[in-house]
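Hello,

Here is the structure I promised to pass on to you. Have a look at it first, and then read on for what turned up.

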Amino acid sequence: METALAKALRKRQVVFLVILLFLWEAGSEAIRYSMPEETESGSFVANLAKDLGLRVGELAIRGARIHYKGNRQLLQLDTETGNLLLHEKLDREALCGATDPCILQFQLLLEKPVQFFQADLQLTDINDHSPEFPDRETLLKIPESVQPGTVFPLKIAQDVDVGSNSVQNYTISPNSHFHVVTHNLGDGRKYPELVLDQALDREEQPELRLTLTALDGGAPPRSGTTTIRIEVVDINDNAPEFLQSLYQAQVPENSPLNAAVVTVSARDLDAGMYGDVAYTLVQDDDITQPFVIDEITGEIRLKKALDFETTQYYNVQIAATDGGGLSGKCSVVVQVVDVNDNAPELTMSKLASSTPENSPETVVAVFSVSDPDSGDNGRMVCSIQNDLPFVLKPMFKNFYTLVTERPLDRENRAEYNVTITVTDLGTPRLKTQHNITVLVSDVNDNAPAFTQTSYTLFIPENNSPALHIGSVSATDRDAGANAQVTYSLLQPQDPSLPLDSLVSINADNGHLFALRALDFEALQAFEFLVGATDHGSPALSSQALVRVQVLDANDNAPFVLYPLQNGSAPCTELVPRAAEPGYLVSKVVAVDSDSGQNAWLSYQLLKATEPGLFSVWAHNGEVRTARLLSERDAAKHRLLLLVRDNGEPPLSASVTLQVLLVDGFSQPYLPLPEVATEVAQTDPLTVYLVIALASVSSLFLFSVLAFIAVRLCRRSRAGLVGGCSVPDAHFPGHLVDVSGTGTLSQSYQYEVCLTGGSGSNEFKFLKPIIPNFPPQDTREEIEENAILRNNFGFS
């Protein structure tokens, strides 16, 4: 009852396993190919592109590659044609051993995008090995009393081929006493038994030599032989019997050598030598048998290490032979128990050389993990460090991808060291670590940055062309071509500024050069923008403001505005003889186009008709009497004054001033001999004296008004006709504001004229005018003329 129930339960389990295997095979959608072993390398296996429904050349475009466990290259793929070829000659026995069928699993990995296909290659066995017996000769001691039909077990022949190519039949050389019967073991192997056909007679034939031949099922079949030597002994009517026909044992795979596995026991009812039992292993071969048995005690021990990943169980046949040659047999099933003795293995299938920044969910690496252990010992968990911007994603079966979890920033961190840890769930847990370095490639995401938002450069005027005036500098946090900066000039906001003719920039280093000589009086400062552009795609740029200030040089001599030296008749200043010391005779007005100390003017009296009578104030150019006038002083005086700036070296200009001493403003004006002819030919009209004066202080203006009032009071005393013609020449064009020097400012000029015809000098009007200045060449002629002949009065 129990035996039937056990058989039914076992049958259900087998059916259930078959159904699960069928469902797994159907769900995996694996492509299976088959070919015989020992096929020459380079042989055609299949066309993967056709079987997968892919176009010709698509495998090459998508980066197809074959992945096999352990990265061993057994197959090679022609990505252009899709043909799958053998990389080397495959030996089924070396790859699979006794496992049948021999199926090599491999995967087709497509990288763009990542996709997997499972494929199996079944190696079919060929008959390339002959059966071999463990011993060349086997000794059998058979009592003569053994009845016909008695069976004697023989040692099995080993054939590493499988299936029909393994041992299929045993034969024995022709004789009249024995024949051989072939039986099947539970694992598919066949073993021989010698059957007695005719009773032995030790007296007739004490010894027989028979040849046992093992034949496999190949075409043509292969064979192996051994000699069976039979010794006929006296009567032994009881054969040994084991206490159990089947022994079962479990042995951990990490058991040490010589560890006890199980002890078998057999008994023989005979006495003496016929009752002594000796134990032997029927399949005693060093290739597949890791056990050894004690002939006396029947204790089975390990003679070499077990490996669960190679063989999970062993079926051992034990024979017990008594001294009379009778024997019995039993079976020992040894189950190898798995222990966690294999650390997980990681196989890298793809590793990117670099990963671009700012690209989330980018595949960095593709790898697979494996553990040959079983159960929890073979289940694995993958992990990486928590502080990294990467994440592991499970893919097909035990394949994983390492992808970026968020955008990377090369400028903050250009390299990551990632440690992939694979841990199994066994006891104790074993782990494997694999270190990879992820390099972050640069993306042009940073514009060049100037070291300053604005630059101020100084350049002296009259510079030499191509003069280096300064530099701008910009840096870019990117790398490579994205960090190479090119400098350029940008169009100024003022379209009238000829920037291209003023400055240039070195595109490589940002050095600025002046293209021509600059004139402070024409251009004192100008601004422009400089751009910095990197070589990325797309290119990024930034700009900075550059202000260039021209430094003044003392390249302009003072220019005398009054008395105007334009070659016309000189204007004569009238001084009453009753003037007190310090009386204001006239004022020399001069300007300098330069600036700063180059425009600070000083005045000096170089030559006078009568030294000591007049003096000039050095800072404002006022000519005054130095002492009281007397009747003995000459009526006409000629003064030569020098106007000098404060530059280095200083520049100067000279001016001539005519002074006429009169008794009063009402006294008729006697023209000088030089202009007598001109006065006689003209009408005695009063020439208006026009004075352009830049008032530096209000006190000086009040002094002028007081001087005018004095002249108006004395108009009845002096009836002189003052002659002063309005000058036709224009004022110089480059006037600058020079404070503290007593010269005219650029903002105002005054015209002062005296009335004519009444015989007295008086001011007709005082008003500001805007002069028209002469061109540069006229000004140079005026400066060369040392004596100006216009009587042009300023106060």
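This is a predicted model: local features need pLDDT of at least 70, side-chain atom pairs count only at pLDDT 80 or more; totals for chains, interfaces and linings use all residues.

Glu 610 turns out to be partly exposed, as its relative accessible area is 22%.

Glu 610 also has a partner: its side chain forms a salt bridge with that of Arg 627, at 2.7 Å from N to O.

Another of them joins Arg 229 to Glu 207 (3.5 Å, N to O), linking strand β14 with strand β13. Here Arg 229 is buried at 15%, while Glu 207 is partly exposed at 35%. Both belong to a salt-bridge network that also takes in Glu 137, Arg 209 and Glu 231.

You will find Glu 521 in the loop between β38 and β39, buried with a relative accessible area of 19%. Its side chain makes a polar contact of 3.3 Å with the side chain of Asn 556, and its contacts beyond four places in sequence include Glu 461, Asp 552 and Ser 593.

Finally, the cysteines: Cys 330 is buried at 2% and Cys 382 at 15%, and a search of the whole structure finds 0 disulfides.

Best wishes

Technical notes. Residues are numbered from 1 along each chain as its sequence is written. Side-chain values use heavy atoms; hydrogens and water are left out. Helices (H or I, at least four residues) and strands (E, at least two) are DSSP runs, numbered from the N terminus. Buried means under 20% relative accessible area, exposed over 50%, partly exposed in between (1.4 Å probe, protein chains only). A polar contact is a pair of N or O atoms within 3.5 Å; within protein, one must be able to donate a hydrogen and the other to accept it, and residues adjacent in sequence count only if both atoms are side-chain atoms. Contact means heavy atoms within 4.5 Å. A disulfide is a pair of cysteine sulfur atoms within 2.5 Å. A salt bridge is a side-chain nitrogen of Lys or Arg within 4 Å of a carboxyl oxygen of Asp or Glu.
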